Amino acid sequence: QTHGIATAFQLLDRMVEEKASASQSNAGRSLHISYVHAILKTWKFVFRKQQQNHSKGPASSPATLLLPSQILSKLDDHQTKCLASPLYTPNVATYSLLLDGAAHAPMPSERIDFSERLLERLIERSATDLSLQPTIVTFSSVINAHAQSGNGAKAEALYDRMMEMRRTDPQRWHASLKPNHIVVSAVINAWAKAGNAVKAQEWLQRMYVESMQDPAMRPNVFVFNTVLSAYSTSQTDLAYQLLRKMTELADTQQLDVRPTVVSYNCVLNCHVRSGDAAAADALWDEMLEQSVIPNEITCTTMIKIIRKSRVGDRRQRMRKVVNYMEQQGIPQNTFIWNALRET
């Protein structure tokens with residue numbers, strides 16, 4: 001796929017050169033922007049996959065994709081070469097795809113600086129070209145860039161700026177910047193990654209209240225799990241409260257947020273530091289009662305808790321978890337076997 005994307009951009013370059021050489025006679029082909037979007041969508045998918053794999057460790061060295069700033073330079077160069085008769089005309093969707101990919105770039109210069117500069121450029125140029133007017137998708141991508149950096153303050157500030165633009169110039173911005181659960185989820189994710197569970201919870205509560213009037217703001221289980229993950233390092237009581245709230249909202253059919261294995265894993269993680277094996281056992285039993293199937297993360301976390309605990313039957317407790325893994329066909333990792341040997 002990486003080589004295919006490079007070939008697609010090379011083909012675009014060649015088509016631009018042909019168009020530019022034929023521009024004097026007003027000849028040459030044109031290209032619908034949807035073809036460029038197809039290339040960018042594929043680039044975005046592969047680019048994000050590469051960053052995810054890179055974060056897991058340098059297992060391999062795949063061919064390097066163009067960076068967001070390099071693609072923007074290429075798009076600008078294409079427009080400059082065919083100024084009189086463009087091969088294609090980028091619009092806000094073009095740049096939003098680029099911003100969405102940039103949100104996952106590993107370097108701050110490509111993730112934050114690039115995203116902020118491109119957003120400002122779109123806001124400025126859209127004053128005279130409505131096809132470049134940023135939408136809620138555009139802002140969501142830039143807020144997500146701040147979320148990936150764990151900068152809750154900047155994510156919230158950008159959201160507030162967006163809402164201020166909508167208030168001060170409703171004729172221009174009211175429809176295109178209508179907030180939804182995606183953009184608010186990005187703000188919540190930013191605060192969660194910043195380790196500020198209180199702010200994440202405040203935004204979740206705000207989202208829930210607004211969803212009473214606007215279904216587009218309805219939070220889903222992924223948003224609740226994001227807040228749970230912020231609680232999972234130290235705030236055990238609040239994590240349990242939120243888990244119980246999720247069950248209550250699901251039981252009363254107010255929201256489809258019944259706890260998943262991810263939800264329980266977040267709460268289970270609260271007990272790793274304390275080594276509270278009894279609490280972990282109770283949560284494990286609750287999962288099974290609720291027909292939530294433990295996964296590899298659940299089992300590994302249980303072993304960590306038992307290992308840290310001071311209970312006398314640690315090996316028997318660990319063996320119980322390992323037996324469950326064998327019955328369910330869950331792979332056993334090196335950490336688990338080392339823990340068994342140690343006890």
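Here, buried means under 20% relative accessible area, exposed means over 50%, and partly exposed lies in between (1.4 Å probe, protein chains only). This is a predicted model, in which local features need pLDDT of at least 70, side-chain atom pairs count only at pLDDT 80 or more, and totals for chains, interfaces and linings use all residues. Residues are numbered from 1 along each chain as its sequence is written, and side-chain values use heavy atoms, with hydrogens and water left out.

**View 1. The whole protein, for orientation.** The protein has 17 helices and zero strands, taken as DSSP runs (H or I, at least four residues, for helices; E, at least two, for strands) and numbered from the N terminus. Of its 343 residues, 48% count as buried.

**View 2. Lys81 and Asp77 in helix 3.** Welcome to a salt bridge (a side-chain nitrogen of Lys or Arg within 4 Å of a carboxyl oxygen of Asp or Glu). Lys81 and Asp77 bring their closest N and O atoms to 3.3 Å. Both sit in helix 3 (residues 68-81), four residues apart, about one turn of the helix. Lys81 is partly exposed at 38% relative accessibility, and Asp77 is partly exposed at 33%.

View 3. Glu202 is partly exposed, at 44% relative accessibility.

**View 4. Arg258 meets Asp251.** Their side chains form a salt bridge at 2.8 Å, N to O. Arg258 is partly exposed, with a relative accessible area of 38%.
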